[in-house]
Amino acid sequence: MFLQPEGKPEIPVFQAETLMVCRADNQVPSGFRVRWAEVGVFRDPVTGGPMTSWLNPLNGQMVKMPKTFRDGPGDYTVTVKGDGLAVKLNQTGAMVEGVNVTISNDGPRVVWHQIERKVRGVPAGASAAEIAKLPKAVTTLTLWTDRAQIDDPARASAAASGVYSFETAGLPAYAGQGNAPGRAIVRGIMRKASATEILNRHSPDEPRLQATW
């Protein structure tokens, strides 16, 4: 994650390592629902260790930061609408304005591109009253997978990977810039995994993310 006051460079704040657990069901007429919950660890971008505080270079002050975060539970509801899909997001701790999804073929690959417009805290955890005062944000997710895996009736799940971005139309309070214009920026990578798969093995003394439904 970076902060960028207007006219100044992007300033790194933290590195987030997150795990989102999803479960789909077909209890929605003409569609399906994906229930999800997310947990995360904030790491110091210099040391790689757990985050405790952040030195704000704009004002020279140390800002206490959370070590972890929890987002959700929430759910996506996907239904058929005309020749396309209607996607609705219910997210705890956010005011969602809308979700747009496009699915396209790129040779043997299928591309899922999703844009969410919302208001939420950065990091997550703001109260409803606080959220109402925050600037608007846009989340963009793009996922790629093989069409052959999607079409294979013997497969219960298709492998996928993607990229993630999140931008706010203003700076959080801990930037120490008052109402000065700027933005918060998150850039990330995504990798789909099975329920028992471990993608990033840490040494025994390193914190590890684990979630149960």
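## A guided tour of the model

Start by selecting D151, which is partly exposed, with a relative accessible area of 47%. Before you go on, keep in mind that this is a predicted model.

Stop 1: Across the whole structure, a search finds ten salt bridges. For another of them, select E17 and R43, whose side chains meet with N to O at 2.8 Å. E17 sits in strand 3 (residues 15-25) and R43 in strand 4 (residues 31-43), so this pair ties together parts that are 26 residues apart in sequence. Are these two buried or exposed? E17 is buried, with a relative accessible area of 15%, and R43 counts as buried at 6%.

**Stop 2: a pair with exposed partners.** Now pick E97 and K136, which form a salt bridge with their closest N and O atoms 3.2 Å apart. E97 is in strand 9, while K136 is in the loop between helix 1 (128-131) and strand 11 (137-146), so parts 39 residues apart in sequence are tied together. Both E97 and K136 are exposed.

**Stop 3: a network.** Select E10, E167, R183 and R187 together: salt bridges link them in a network.

**Stop 4: a charge without a bridge.** Go to D75 in strand 7 (residues 68-81). D75 is buried yet has no salt bridge, and the nearest side chain of opposite charge, R33, is 5.8 Å away. A salt bridge needs the side-chain nitrogen within 4 Å of the carboxyl oxygen. Leaving aside neighbours within four places in sequence, the contacts of D75 include V34, W36, K88 and N90.

**Stop 5: the nonpolar cores.** The largest nonpolar core has 18 residues, and M1, L3, V13, F14, W54, M65 and Y174 have the most contacts inside it. A second, separate core has seven residues, among them W36, V78, V87 and L89.

**Last stop: the surface.** Select V80, L85 and I103, which make a nonpolar surface patch of about 270 Å². I103 is found in strand 9 (residues 94-106) and is partly exposed, with a relative accessible area of 46%.

Technical notes. Residues are numbered from 1 along each chain as its sequence is written. This is a predicted model: local features need pLDDT of at least 70, side-chain atom pairs count only at pLDDT 80 or more; totals for chains, interfaces and linings use all residues. Side-chain values use heavy atoms; hydrogens and water are left out. Patches are made of residues with over 30% relative accessible area and no salt bridge: like charges are joined within 9 Å, nonpolar side chains (Val, Leu, Ile, Met, Phe, Trp, Tyr) within 5 Å. Accessible areas come from the Shrake-Rupley method with a 1.4 Å probe; for residues, only the protein chains shown count as cover. Helices (H or I, at least four residues) and strands (E, at least two) are DSSP runs, numbered from the N terminus. Buried means under 20% relative accessible area, exposed over 50%, partly exposed in between (1.4 Å probe, protein chains only). Lys and Arg count as positive and Asp and Glu as negative; His and the chain ends are not counted. Contact means heavy atoms within 4.5 Å. A nonpolar core is a set of buried Ala, Val, Leu, Ile, Met, Phe, Trp, Tyr and Cys residues joined through side-chain atoms within 4.5 Å.
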